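Trainee: Could you walk me through this model?
Mentor: Gladly. Have a look at it, then ask away.

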Amino acid sequence: MTQTEDKTTPSTGDTPLVPMEKIVSLSKRRGFVYPNSEIYGGVSGIYDFGPLGVELRNNIRRYWWWSMVQINDNVVGIEGNIITHPRVWEASGHVENFVDRLVECKNCKRRFRVDHLPEENLEQNKCPVCGGELGEPRVFNLMMETYIGVVEGERMKTYLRGEASQNIYLDYDNVLKSSRMQIPFGICQIGKAFRNEVTPGNFLFRQREFEQWDLQFFVHPSEMQKWFDYWKARRFEWYKGIINHTDRLRFRAHGPNELAHYAKQAFDIEYRSILGWQEWEGIHWRQEWDLSRHSQFSGHDLSYTDPETKERYIPWIVETSGGVDRTFLFLLLDAYEEESPSDKDKEGRTVLRLHPWFAPVKVAVLPLQKNKQELVTTAKDIHNHLKRLMVSQYDDVANIGRRYRRQDEIGTPFCVTVDFQTLEDQTVTVRERDGMTQIRLHMNELPAYLVEKVTWM
Ligand code: GAP
């Protein structure tokens with residue numbers, strides 16, 4: 001099914017699911033996401049991130065890195081390159097196996113991935129949209145080709161990496177020797193991946209250039225099950241900890257015909273949105289596939305010798321592989337809410353209930369009135385102090401209610417208002433986004449109060 005037609009699960013739960021158009025519109029309007037090369041008509045499946053988008057992405061990446069690398073003594077990080085030796089992709093199996101099968105409807109000309117077609121359409125060879133006859137499946141390799149070198153005939157064809165994790169296998173031996181790690185241990189990386197997706201779509205969900213985060217955890221074969229279960233549970237808890245609608249999260253086991261060429265077993269952590277249940281992260285039992293293939297293709301022995309028992313073996317791998325872009329999209333879909341007018345807010349508002357850790361702007365500093373110089377000066381002083389600690393915005397345009405709503409819509413967890421009382425006793429109003437509750441704090445207490453609320457450490 002094409003991604004735009006992939007809306008298999010309507011809202012079945014308590015809270016209505018947010019239409020994708022709302023997120024696309026907010027993203028463009030407020031500077032989260034823009035279509036890439038828009039002035040030339042855009043490129044399908046490729047996006048750019050605006051001022052708020054880049055802050056949100058950085059916060060997402062930082063939190064993942066902190067919780068996967070920084071606090072785990074048995075995990076280290078690397079940053080590999082997008083371009084590698086072309087043999088890497090032969091060894092990894094991507095040149096041969098990284099393909100999608102596509103069928104086209106003879107009547108309406110829509111294209112569908114064979115693995116996304118409902119069973120009955122597959123059996124009856126029938127288009128799920130117009131009922132027309134489907135053509136013969138065609139096979140497409142998803143790897144994006146590129147060339148190294150300038151002289152025609154001497155240029156080397158290679159690929160933009162189709163999955164970021166390959167760098168980890170390539171650097172595994174260097175990490176082992178340079179960091180004194182011993183099995184069991186893990187290597188993490190966040191990095192771009194490129195795929196010539198045959199059906200890109202649904203905004204950031206399926207793109208041609210996107211960013212993945214990976215943990216590759218190297219274990220003794222006898223401990224594979226233990227570590228697979230361990231990381232599977234930890235990653236599920238991680239996702240549960242960053243969303244509001246925890247009932248929209250589940251595991252789904254891959255069927256035997258669905259497994260990637262490298263996986264002996266796999267579970268997806270799925271999130272339910274307007275797109276139905278969809279993959280957010282994959283937990284893959286990669287076994288010895290990667291290191292043995294790279295040993296074989298490169299001639300470099302990647303087996304491990306246990307320093308105590310002297311046992312020699314190819315380590316097995318547990319992979320947890322998710323997407324920065326899908327996290328970005330699912331967080332927005334999870335956090336977006338349109339509130340009707342109420343006693344607290346007479347006009348109603350759009351609010352992004354993002355966890356304060358991820359909010360692109362942590363605090364907005366607002367003088368009650370723009371035409372009172374002392375209020376403006378004090379508010380600017382507070383902003384200039386806070387911006388060294390966290391992302392702070394100064395805003396004095398429009399009435400205070402409108403300014404609050406502008407911040408609610410981008411998920412700013414706190415607004416600090418400088419009013420006439422501030423000039424007398426140096427206290428300010430701190431308004432919290434979700435409950436719209438307000439407290440008064442002394443200006444000197446503000447930095448510590450906010451830092452504690454908006455950082456995870
Ligand atoms: N190394 C394993 C691997 O690449 P995958 O399930 O193909 O596995 C892992 O990808 C994650 O990357 C997915 O769970 C998803 O979050 C993200 N991802 C994959 N393809 C994507 C695409 N076309 N656009 C955006 N994110 C994508």
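Trainee: What should I know about the numbering and the model?
Mentor: This is a predicted model, where local features need pLDDT of at least 70, side-chain atom pairs count only at pLDDT 80 or more, and totals for chains, interfaces and linings use all residues. Side-chain values use heavy atoms, with hydrogens and water left out, and residues are numbered along each chain, as its sequence is written, from 1.

Trainee: What is the strand order in the open sheet of three strands?
Mentor: Strands (E, at least two residues) and helices (H or I, at least four) are DSSP runs, numbered from the N terminus. Two strands pair if DSSP finds at least two bridges between them. The pairing here is antiparallel, and the order is β5-β4-β6.

Trainee: Why is one side of β5 and of β6 left without a neighbour in the sheet?
Mentor: β5 (111-113) and β6 (138-141) each have a single partner strand, so one side of each has no neighbour in the sheet. Both stand at the edges.

Trainee: How many bridges join β4 to β6?
Mentor: Strand β4 covers residues 99-104 and runs antiparallel to β6. The number of bridges joining β4 to β6 is four.

Trainee: Which residue in the turn between β4 and β5 has a positive phi?
Mentor: β4 and β5 pair in the antiparallel sense over three bridges. L102 has R113 of β5 as its bridge partner. The two strands form a hairpin with six residues between them, and the turn residue with a positive phi, about 70°, is K109.

Trainee: Why is α10 called oblique to α13?
Mentor: Axes are lines fitted to C-alpha atoms, for helices over the stretch in contact, and angles run from 0 to 180 degrees between N-to-C directions. Helix α10 (residues 373-386) packs on α13 with axes 11 Å apart, at an angle of about 50°. Angles under 35 degrees count as roughly parallel, over 145 as roughly antiparallel, 65 to 115 as roughly perpendicular and the rest as oblique. That angle therefore makes α10, relative to α13, oblique.

Trainee: Which residues of α13 make the contact with α10?
Mentor: Contact means heavy atoms within 4.5 Å. From α10 come I382, H385 and L386; from α13 come L446, P447 and L450.

Trainee: Is L450 buried or exposed?
Mentor: L450 is found in helix α13 (residues 446-454). L450 touches V363, L386, M390 and F414, leaving aside residues up to four places away in sequence. Buried means under 20% relative accessible area, exposed over 50%, partly exposed in between (1.4 Å probe, protein chains only). The value for L450 is 0%, so L450 is buried.

Trainee: How is α1 oriented to α9?
Mentor: Helix α1 (residues 20-30) and helix α9 (residues 324-335) have axes 10 Å apart and pack at an angle of about 110°. The contact uses M20, I23 and S27 of α1 with L329, L332 and L333 of α9. The angle makes α1, relative to α9, roughly perpendicular.

Trainee: What separates V76 and I187 in space, C-alpha to C-alpha?
Mentor: V76 sits in strand β3 (residues 75-77). Beyond four places away in sequence, V76 touches V69, V175, M181, G186, I187 and C188. V76 and I187 are 111 residues apart in sequence, yet their C-alpha separation is 5.0 Å.
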